[in-house]
Amino acid sequence: MTAYRGTVLHFSGDPAEEEGNVHLVEDGALLVDPAGHVEGVAPWAALTAEQRAGAVQDFRDDLIVPGFVDAHAHSGQIDAIASPGGDLMAWLTKSVYPAEMRFQDPGYARRASGAFLDTMLAAGTTTACVHTTTSKEATGAFFAEAHARNMRVVAGKVLMDDGGGAAPAGYLDASVGQAEDDCRELIERWHGRGRVLYAVTPRFGPTSTEGLLRMAGRLYQEHPGLWMQSHLAETRDEVDQVLDRFADLKPRSYLDVYDRCGMVGPRSVWAHCVWPDHVYRGTGGGHDWDVLRDKGAGVAFCPTSNLFLGSGLFPFARTRRAGVRVGLGTDIGAGTSYSLLATAAEAYKVAALQGEPFDALRGLYLATRGGAEALSLQDRIGGFHPGAEADFAVLDFAATPVLKRRTEAAADLRERLFALMVLGDERAVRAVFVNGRRSTPGASGRPDPR
Ligand code: GUN
Ligand code: ZN
């Protein structure tokens, strides 16, 4: 057993619902067994003399939290981050499809996938729910790189069989049959191998035929253990396109199109959801939230992306009232930071614009346990309950001069946590552990001072 000494913080549920969901131990220890599972959390003073004299890693000035869970990102967009390009559809056409097409080169696909995962780890993110690209081989390369790092990832090949004139023909699936064969091959090879999990990944309504969505729904229903992910109601223009495109289905909403194709259920993860039925159509119904809650689906709140593309403000308070599972997504490359601290800070601002309270505990919950709940992985990751996989990050309250000064001036630990959320980013990540093993220094290359 190894003891990691520090201030230990984790959650067993939403702190806004129940104070008892917060587990915060100042001068505590996270205890990890040799197989990389959590044994428990205890005050340092409660450890036996033998435990204190055993294997100890001293992070006593730092904060130890579960590894961050990024509920939505695109590995294929590592080189598309920070591309200007207008609204969603214009940006996809101009910057994203060309960037993702580069993954048809196997050498680039392998190097870029590895770099993407290292950048995530350097930001303290140990699990991500990822859209790769339409290339089966590049998706295999992504899984191989994740497996080599022993990361718990949920990911899948992007399915697109209709570009609506905007996506190059050479980037699309040639047919629904080929897309299905590719998925089956990847599922067979990768789903459940090590810590890798497969998500059926139709890109979104505007690049799908009904046949493709139905195939995706069938695959997901057929394998009880698979995940499903897509984008949902990110922009108003997208919602209009989908309601037009699938008018024959007479859908009640965008989500209803997916639902009729069998795609909505447990382990399904929906990115954005800025314009669900009640907001967009002013029906006051709010059916989409009820459907998402009742089916056990998760939603990824991607604030830096929604602000960057001008998509809108995620109705965070409404999701919480409805009891929908919500995590934070960076949505790299529409998102502008790999850091879930920076993403939580933007979530705070989106909530502030809507008059919704949002403190550091809420932000850190969403970045850890909330993300795990959105991905239906809370039994395995996102917290420090005994038996959990020991993925964790050590955060430095004094990582930058601004953060150091502010946290030193703070009256109490909650104020320090808030400063860390708002001012912190990958520079605040002192160390990252994956399944109990320290990950090699990531892309930041910042030497560890200890
Ligand atoms: N909707 C469909 N594809 C994408 C994508 O790559 N990024 C974002 N932000 N939205 C999408
Ligand atoms: Zn996305």
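1. Let's start with alanine 233, which is buried, with a relative accessible area of 1%; buried means under 20% relative accessible area, exposed means over 50%, and partly exposed lies in between (1.4 Å probe, protein chains only). You will find alanine 233 in the loop between strand S10 (227-232) and helix H7 (236-245). Helices (H or I, at least four residues) and strands (E, at least two) are DSSP runs, numbered from the N terminus. The phi of alanine 233 is near 50 degrees, a positive value in a residue other than glycine. As background, most residues other than glycine have a negative phi, and most peptide bonds are trans.

2. A word on what you are looking at: this is a predicted model, in which local features need pLDDT of at least 70 and side-chain atom pairs count only at pLDDT 80 or more, while totals for chains, interfaces and linings use all residues. Residues are numbered from 1 along each chain as its sequence is written, chains are lettered from A and ligands numbered from 1 in the order in which they are written, and side-chain values use heavy atoms, with hydrogens and water left out.

3. Next, have a look at cysteine 273. Its phi is near 55 degrees, again a positive value in a residue other than glycine. Cysteine 273 sits in the loop between strand S11 (268-272) and helix H9 (277-280), and it counts as buried at 0% relative accessibility.

4. Proline 276 lies in the loop between S11 and H9 and is buried, with a relative accessible area of 1%. Leaving out residues up to four places away in sequence, proline 276 touches Ala233, Asp288, Trp289 and Pro315, where contact means heavy atoms within 4.5 Å. Proline 276 and phenylalanine 314 are 38 residues apart along the chain, and 9.7 Å separates their C-alpha atoms.

5. Here is a peptide bond to check on your screen: the one from isoleucine 332 to glycine 333 is cis, with omega near 5 degrees. Glycine 333 belongs to the loop between strand S13 (325-328) and H13.

6. How do helices H13 and H16 cross? The axes of helix H13 (residues 340-353) and helix H16 (residues 413-423) come within 6 Å and cross at roughly 100 degrees. That makes H13 roughly perpendicular to H16. Axes are lines fitted to C-alpha atoms, for helices over the stretch in contact, and angles run from 0 to 180 degrees between N-to-C directions. Angles under 35 degrees count as roughly parallel, over 145 as roughly antiparallel, 65 to 115 as roughly perpendicular and the rest as oblique.

7. Which residues of H13 and H16 meet? Leu341, Ala342, Ala344, Ala345 and Tyr348 in H13 meet Phe418, Leu420, Met421 and Val422 in H16. Sorted by class, this contact has nine nonpolar, no polar and no charged residues. Here Ala, Val, Leu, Ile, Met, Phe, Trp, Tyr, Cys and Pro count as nonpolar, Asp, Glu, Lys and Arg as charged, and the others, Gly among them, as polar.

8. Now for the largest nonpolar core. Of its 114 residues, Leu9, Phe116, Tyr258, Trp270, Leu292, Leu395 and Leu417 touch the most other members. Such a core is a set of buried Ala, Val, Leu, Ile, Met, Phe, Trp, Tyr and Cys residues joined through side-chain atoms within 4.5 Å. Helix H3 (residues 106-122) gives the most to this core, with seven residues. The core draws at least three residues from each of domain 1 (2-66 + 386-438) and domain 2 (68-375), and these domain bounds come from an automatic or database domain assignment.

9. Phenylalanine 116 touches Ala73, His74, Ser75, Ile78, Val130, Phe142, Ile332 and Tyr338, not counting residues up to four places away in sequence. A second, separate core of 15 residues includes Ala71, Cys129, Trp227 and Ala374.

10. How far apart are domain 1 and domain 2? Their C-alpha centres lie 29 Å apart. The contact takes 30 residues from domain 1 and 32 residues from domain 2.

11. Finally, glycine 124 lies in the loop between H3 and strand S6 (125-131). Glycine 124 is buried, with a relative accessible area of 0%. Setting aside neighbours within four places in sequence, glycine 124 is in contact with Gly67, Phe68, Ala393, Val429 and Val432.
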